[in-house]
Amino acid sequence: MDTEEGLGSFPYVPGMRRPVPEAEPGLVERWRSGGGELVELLSQVRERFGGITAFRLGPAPTVLVTDPQAVQHVLARHPERYVKRSHRARALIGDGVLAASGAAWKRQRRLLQSQFTGTGMRRYEGRITEAARTTAGRWDGYSRTGQTFDVGQEMRRFALDAIWRSLTGHPLDDGTERELAAVAAVAAALPTLPTDVNDAQNAVAADLARIDAVARHAIDAARGGAAGPDGPGLLHVLVDAATERPEYTDRLIRDELVTLLVAGHETTATTLTWLHLLLDRYPAAREQALAAGGEGSAQRRQAIQALVHETLRLYPSAWILPRRADEDDTLAGYAVEAGTDILVCPYLTHRDPGLWPDPEHFDPRRFITPDGRPPHPGAYFPFGIGPRACLGLQFALRESTVLLEQLLPVHIPVFSSTPTKAAYGITVRPDGPTPATLT
């Protein structure tokens, strides 16, 4: 076979098995005319054409990848062939580790890696626990007074407190919390900002100025040796690195600080918000988790972690992972030409009925029973897989588990209204407020 087969101008590379099947152009045009979300188009493409499909959003082909083996090939086995594109959050995080590439990324990743495994994580255990206790204390107050509060805002406040303590050694104070609300504002605006980084930064200049002021103050304090009550934090590691590594300028330290703030609280807060909404719809899941074992037991902790994992299956932290083919390749037997845009989509892989029975149903037992989840590693990857998987995976899981161990036995949020849709930005978040009282 040496000719194109039903693929328009998407080329077949000699020596490779077959060209990627392409969705008909009319599907994209109907999606555009209807003003739908990108995830709706991708869902239709996957459902009708399978786990590796080409389609056109512009002049060049895009290949959607949801098949587990292909996911593993792109992200884990051959990341050098499928390179990360310029991160959409660059306007906010600059050259932080999420947006960096090449040798710079390797240096930055190596420095931070040790902080999120083993000894590094043990250093932050107490800080996470204190943030969880502070949140539990506020919820005790809401319960006594019957006050209505927003669950999403509470989860964001907890996660921001946990990462701020870990970065600086200080608990989050009200003034810092108010200023760092600009982080969430910019993150929410990113999908609608201009593609040019300078234009995007100009559009949110006021919020970026507030973030930069907080970052400058924290960096100056760390450089002056002002450890918080919990001792030095992760920011001190970055400041110390600057004494030996000239690339760690104040600007790069700022970019890493903001990257860790975004990655360290936005995804965790979103996951915990979804989890409370899901437990409202599936209250038996909460009772099953608490009945799995006594307070502090390994069985209860495993059951609570299963709640988190099942929430991440439905609403993964990174719902879409863009890559670009850096060279010609064979992907699961299909020809992929250099320059092709690749969209790896955990959101759709996690909802594939061929991998996950009854995939729209919230069932944490998938992550407790031995055969509850697909064995292939490319079937479940809410934080990505491979060398560019999220650094903070263990930190986020620990945050979520510790907080839920504090809240679930005592408090049940009763929502006065719940969002009816999801918003697909940097994360998949509830598209609306989440007001509740506590029983």
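Glu-125 is partly exposed, with a relative accessible area of 26%. The structure shown is a predicted model. Glu-125 forms a salt bridge with Arg-398, and the closest N and O atoms of the two are 2.8 Å apart. Because Glu-125 lies in helix H6 and Arg-398 in helix H16 (residues 393–407), the pair ties together parts that are 273 residues apart in sequence. Arg-398 has a relative accessibility of 16% and counts as buried, since the cut-off for buried is under 20%.

The structure holds 23 salt bridges. Among them is the one in which the side chains of Arg-301 and Glu-405 meet, at 2.8 Å from N to O. This pair links distant parts of the chain, with Arg-301 in helix H14 (residues 298–314) and Glu-405 in helix H16, 104 residues apart. Arg-324 forms a salt bridge with Asp-341, with 2.8 Å between the closest N and O atoms. Here the link runs between strand S6 (residues 321–325), which holds Arg-324, and strand S9 (residues 341–344), which holds Asp-341; the two residues are 17 residues apart.

The accessibilities of the residues in these two pairs are as follows.

| Residue | Relative accessible area | Class |
|---|---|---|
| Arg-301 | 28% | partly exposed |
| Glu-405 | 22% | partly exposed |
| Arg-324 | 36% | partly exposed |
| Asp-341 | 12% | buried |

Salt bridges also join Asp-212, Arg-251, Arg-254 and Asp-255 in a network.

Helix H6, the helix of Glu-125, also packs on a sheet: H6 (residues 119–145) lies across S5, S10 and S13 and runs at about 80° to S13. The sheet is open and consists of 3 strands in the order S5-S13-S10, with antiparallel pairing. Strand S5 (149–150) and strand S10 (413–415) stand at the edges with a single partner strand each, so one side of each has no neighbour in the sheet. Between S10 and strand S13 (residues 435–438) there are 3 bridges in the antiparallel sense.

How do helices H10 and H11 pack, and at what angle? Helix H10 (residues 205–223) and helix H11 (residues 234–241) have axes 9 Å apart and an angle of about 70°. The two helices are therefore roughly perpendicular to each other. On the H10 side the contact involves Ala-218, Ile-219, Ala-222 and Arg-223, which meet Leu-235, His-236 and Val-239 in H11. By class, the contact of H10 with H11 has 5 nonpolar, 1 polar and 1 charged residues.

How values were computed: Residues are numbered from 1 along each chain as its sequence is written. Side-chain values use heavy atoms; hydrogens and water are left out. Two strands pair if DSSP finds at least two bridges between them. Helices (H or I, at least four residues) and strands (E, at least two) are DSSP runs, numbered from the N terminus. Contact means heavy atoms within 4.5 Å. Axes are lines fitted to C-alpha atoms, for helices over the stretch in contact, and angles run from 0 to 180 degrees between N-to-C directions. Angles under 35 degrees count as roughly parallel, over 145 as roughly antiparallel, 65 to 115 as roughly perpendicular and the rest as oblique. Ala, Val, Leu, Ile, Met, Phe, Trp, Tyr, Cys and Pro count as nonpolar, Asp, Glu, Lys and Arg as charged, and the others, Gly among them, as polar. A salt bridge is a side-chain nitrogen of Lys or Arg within 4 Å of a carboxyl oxygen of Asp or Glu. Buried means under 20% relative accessible area, exposed over 50%, partly exposed in between (1.4 Å probe, protein chains only).
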